[in-house]
Amino acid sequence: MKKLTIWALILALLLTGCAPAGSTQTQSEWVPERTMELQFATQFQVDYYAGGYKLISLADGSKFLVVPEGCEVPENAPKDAVPLYQPVENIYLAATSAMCLFDALDRLNAITLSGSRAESWYIENARKAMEAGEILYAGKYSEPDYEMLLSHHCPLAVESMMIGHASDVKQKLEELGIVVLTDQSSMEEHPLGRTEWIKLYAALLNEEDRAQELFNEQAAYLDDALQGDAPQTTVAFFHISSSGYVVARKSGDYVTKMLELAGGKYVFSDLGDRETKTSTVNIEMEQFFAAAKDADCIIYNSTIGGEIYTVEELLEKSSLLAQFKAVQEGNVWCTQRNMYQETTQLGQMIQSFRKIFSGEAEGLNELPFLYRLQ
């Protein structure tokens, strides 16, 4: 009878796939069966272990052990890894760039609390979920409603790099037993490295196959955009602030890299300090005029100052723009408001830029994420 009981216990452990609590395995035996394959992302790694355990390691040194449902943390697991127990749900999402990743995985149901209000979302499903009360506003990243997070049994706060400016908030969340995962996708060198962060969130939710499919779609758009000779179209990307300054993208940031991958040549070769985290630079109109007046194409960034639809509206911001080559030739485009919240679609964005730069968009007034000013 005793032997039967022991064998029954062993069988139960095998069926659940969990490592036994109180395992006597040595630390040296905690080795992964495989590591997630990544094409562009460099700021995270996911290792897979026997029993369904996953170890997520971020570039900042933080580690998270994803524990399968009904299982415990094995004794020989890394002691510096913070456990996250599946199913991972009731998430507080303060990193806006990650919302579209959950949406693409069809897993908005894992998010209960948001750091942005409904009207701030240009992701339709996210906005509708908030309007329906399925996702609740729980305060912005620097002022979360701690009582609300606790009342909804929030186990995980997904923060952007901005949490570095609110270290007291991070500390308070951790004191309350809420795990803080800082999304570091903005540190990725390659634009599609940002898109590939969908695989990290998929690891939390056991949606890896779907994430790979979605990422492959964007990689295919990129491959298509890279076909043939690069057009080398000169391009300016900017908006004009209410105070009259031109706000241009810093050279080498992910938007200018998308332009360059698409065959564009950004008009500023060395604008801004590449060591700082700011992505834009304020410049005087005279400096912008000198650099961009002969650009083949200009793209107005609507995500900050609001959308415009006509060249006349653009000229109301500065009459000097009437002298620009791109304005005179009708090659002026504007970004749609959802551009910066659609991290999952960066491959398609690059393809849209390529169509503009190569002349394929001649006669078209709209492309994914962009439209021509009339």
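Strand β11 (residues 233-240) and strand β15 (residues 297-300) run parallel and are joined by four bridges, where two strands are taken to pair if DSSP finds at least two bridges between them. Strands are DSSP runs of E with at least two residues, helices are runs of H or I with at least four, and both are numbered from the N terminus. This is a predicted model, in which local features need pLDDT of at least 70 and side-chain atom pairs count only at pLDDT 80 or more, while totals for chains, interfaces and linings use all residues. Residues are numbered from 1 along each chain as its sequence is written, and side-chain values use heavy atoms, with hydrogens and water left out.

Strand β11 is mostly covered, with seven of its eight residues buried, that is, under 20% relative accessible area with a 1.4 Å probe and protein chains only. In the hairpin that β11 forms with β12, five residues lie between the strands, and G244 takes a positive phi near 95°.

A further sheet is open and has five strands in the order β8-β7-β6-β9-β10, with parallel pairing. Its edge strands, each pairing on one side only, are β8 (136-137) and β10 (179-182). Helix α2 (residues 96-104) packs on this sheet and touches β6 and β7, its direction making about 130° with that of β6; contact here means heavy atoms within 4.5 Å. Strand β6 (residues 91-93) pairs with strand β7 (residues 111-114) in the parallel sense over three bridges, and Y92 stands opposite L113 in β7.

Turning to helix packing, helix α9 (residues 254-261) and helix α14 (residues 346-358) pack at an angle of about 55°, with their axes 8 Å apart. Axes are lines fitted to C-alpha atoms, for helices over the stretch in contact, and angles run from 0 to 180 degrees between N-to-C directions. The angle makes α9 oblique to α14, since angles under 35 degrees count as roughly parallel, over 145 as roughly antiparallel, 65 to 115 as roughly perpendicular and the rest as oblique. On the α9 side, Y254, M258, L259 and L261 meet L346, M349, I350, F353, R354 and F357 in α14.

How values were computed:
Buried means under 20% relative accessible area, exposed over 50%, partly exposed in between (1.4 Å probe, protein chains only).
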